Amino acid sequence: MKRIGVTGHRSIPQEVHEHVLEGLRAALCGHEGSLEALSSLAVGADQLFADLALAHGAELTVVIPSGDYEACFAAGGELRRYRALKARATREVRLDFPHSTDEAYYAAGAYIADHCDRLLAVWDGRPARGLGGTGDIVTYARGLGRPVTVIWRGGVERG
């Protein structure tokens, strides 16, 4: 079974959104039924990837950074979407951090990089805005020699 993980921005500008969806779909193509998708289900890239992976028949492994992770989602739509995707997961990995800190996010990203065969990065190429951001996880994965596919459209930066 092939394992594909994701790291990416929570905020994806509208002008790059369709490009990101196409890139994620392309990365998942041809793996129907033999794929494990690893995601922390954060708003943005993580949830887009998880939703598309499930639609392609992948088994979803959710990596939960901390005990209070649900508190990071806005009440209403964000939290409902997170819970709905999590309910469809085949496996759940809970890290031992009690609170959602940068260290917990970094550990979750590192776990995904450690356990995937390929990492998809929905990333504008800029440095991380805090420990555990997309740029940090890309650097970590590349340090492991893990193949990283960056999905973004040049000339577009997140807000």
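1. Arg-94 is partly exposed, at a relative accessible area of 44%. In this predicted model, Arg-94 is joined to Glu-92 by a salt bridge, with 2.7 Å between the closest N and O atoms. Glu-92 is likewise partly exposed, its relative accessible area being 38%.

2. A network of salt bridges with shared partners takes in Glu-36, Glu-59 and Arg-91. Within it, the side chains of Glu-59 and Arg-91 come together at 3.2 Å, N to O. This pair connects distant parts of the chain, since Glu-59 belongs to strand E3 and Arg-91 to strand E4, 32 residues apart. Glu-59 has a relative accessible area of 29% and counts as partly exposed; Arg-91, at 34%, is also partly exposed.

3. Lys-86 and Glu-70 form a further salt bridge, where the closest N and O atoms are 3.9 Å apart. Which of the two labels, buried or partly exposed, applies to Lys-86? Lys-86 is buried, because its relative accessible area of 18% is under the 20% limit. Glu-70, by contrast, is partly exposed at 27%.

4. For the whole structure, the search returns 9 salt bridges. The pairs discussed above, including Glu-92 with Arg-94, are among them.

5. The sheet is open and has 6 strands, in the order E4-E3-E2-E1-E5-E6, and the pairing is parallel. Strand E4 (91-97) and strand E6 (148-151) form the edges, each pairing on one side only. From one strand to the next the twist averages 20°.

6. Inside the sheet, strand E1 (residues 2-8) is paired with strand E5 (residues 118-122) in the parallel sense, over 5 bridges. Val-6 has Leu-120 as its bridge partner in E5.

7. Helix H1 (residues 14-28) packs on it and touches E1, strand E2 (35-39), E5 and E6. The direction of H1 makes about 170° with that of E5. Helix H3 (residues 77-87) lies across strand E3 (59-66) and E4, and runs at about 130° to E3.

Key
Residues are numbered from 1 along each chain as its sequence is written. This is a predicted model: local features need pLDDT of at least 70, side-chain atom pairs count only at pLDDT 80 or more; totals for chains, interfaces and linings use all residues. Side-chain values use heavy atoms; hydrogens and water are left out. Two strands pair if DSSP finds at least two bridges between them. Helices (H or I, at least four residues) and strands (E, at least two) are DSSP runs, numbered from the N terminus. Axes are lines fitted to C-alpha atoms, for helices over the stretch in contact, and angles run from 0 to 180 degrees between N-to-C directions. Contact means heavy atoms within 4.5 Å. A salt bridge is a side-chain nitrogen of Lys or Arg within 4 Å of a carboxyl oxygen of Asp or Glu. Buried means under 20% relative accessible area, exposed over 50%, partly exposed in between (1.4 Å probe, protein chains only).
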